[in-house]
Amino acid sequence: MYGGYYGGMGMGFFDPTMILLLIGTALSLIASSRVSRTFSKYSGVRSMTGMTGEEAARRLLNSQGIYDVTVRPVAGSLTDHYDPRTKTVNLSENVFRSASVASIGVAAHECGHAIQDNVGYAPLRMRAAFVPVANFGSRLSWPLILLGLILGGSNMLIQIGIWMFVAVVLFQMITLPVEFNASRRAVALLDELGILSGQEIGQTKSVLTAAALTYVAAAAASVLQLLRLIILFGGNRRRD
């Protein structure tokens, strides 16, 4: 069944598809390092208005007639997110209370998601609907693939596992336009409302671009992982 795979991998020979994993890992590490450096750099730049992330978020939401979304602090660093289920903009403590350009940019980005939700932005709705499928695929794809190998290379289990991983990749691809659109909305409103101005807008763009690249890197890493699975198992239908 999968004798060729076992012969190449099980005997300790070099697996050339590991290069795809290494590339994906490198992209993720580079993106993570960049967002940390950029956020740290502009966390030390106080905004001219002196508004905190919380204050900026509330003003942004109110400017769009959104009064049913709560802005609240959450534990952790860079744990900021918008939850459409509870209608909450959740800001990490250092973003919630800080008046830095970086904090305001991050807070505005999460408000961008709240605005998307308010106007019925289609990609956001699509992503929300896809969450259960992606979570299911994320939990079961690898166990099924491994179980297929343990059971002597069961083609059916491995193929089902690969298709479940496809769902994870699709979710990450859907996420990209959602994140980029939220950042565009955030920057435009920060400029329009005068919350940030001049070079602060460029600095905020740097922070949000670095953050967006982490999603791009994650999507690229998943695509490379999927490609590896297809190379290893997708076309291998040999029988004993």
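A salt bridge here is a side-chain nitrogen of Lys or Arg within 4 Å of a carboxyl oxygen of Asp or Glu. By that rule, this predicted model has five salt bridges. Let's visit some of them.

**Stop one: Glu54 and Arg58.** Select helix 3, residues 53-63, and show the side chains of Glu54 and Arg58, which both sit in that helix. They are four residues apart, or about one turn of the helix. Zoom in on the side-chain ends: the pair forms a salt bridge, with N to O at 3.1 Å. Glu54 has a relative accessibility of 22%, so it counts as partly exposed. Arg58 falls in that class too, since its relative accessible area is 35%.

**Stop two: Asp83 and Arg85.** Next, select Asp83 and Arg85. Their closest N and O atoms are 3.1 Å apart, and the two residues form a salt bridge. Arg85 comes out at 74% relative accessibility, so it counts as exposed.

**Stop three: Glu93 and Arg97.** Finally, move on to Glu93 and Arg97. Their side chains meet in a salt bridge, with N to O at 2.9 Å. How exposed is Arg97? Its relative accessible area is 53%, so Arg97 is exposed, given that the cut-off is over 50%. Glu93, at 35% relative accessibility, counts as partly exposed.

Notes
Residues are numbered from 1 along each chain as its sequence is written. This is a predicted model: local features need pLDDT of at least 70, side-chain atom pairs count only at pLDDT 80 or more; totals for chains, interfaces and linings use all residues. Side-chain values use heavy atoms; hydrogens and water are left out. Helices (H or I, at least four residues) and strands (E, at least two) are DSSP runs, numbered from the N terminus. Buried means under 20% relative accessible area, exposed over 50%, partly exposed in between (1.4 Å probe, protein chains only).
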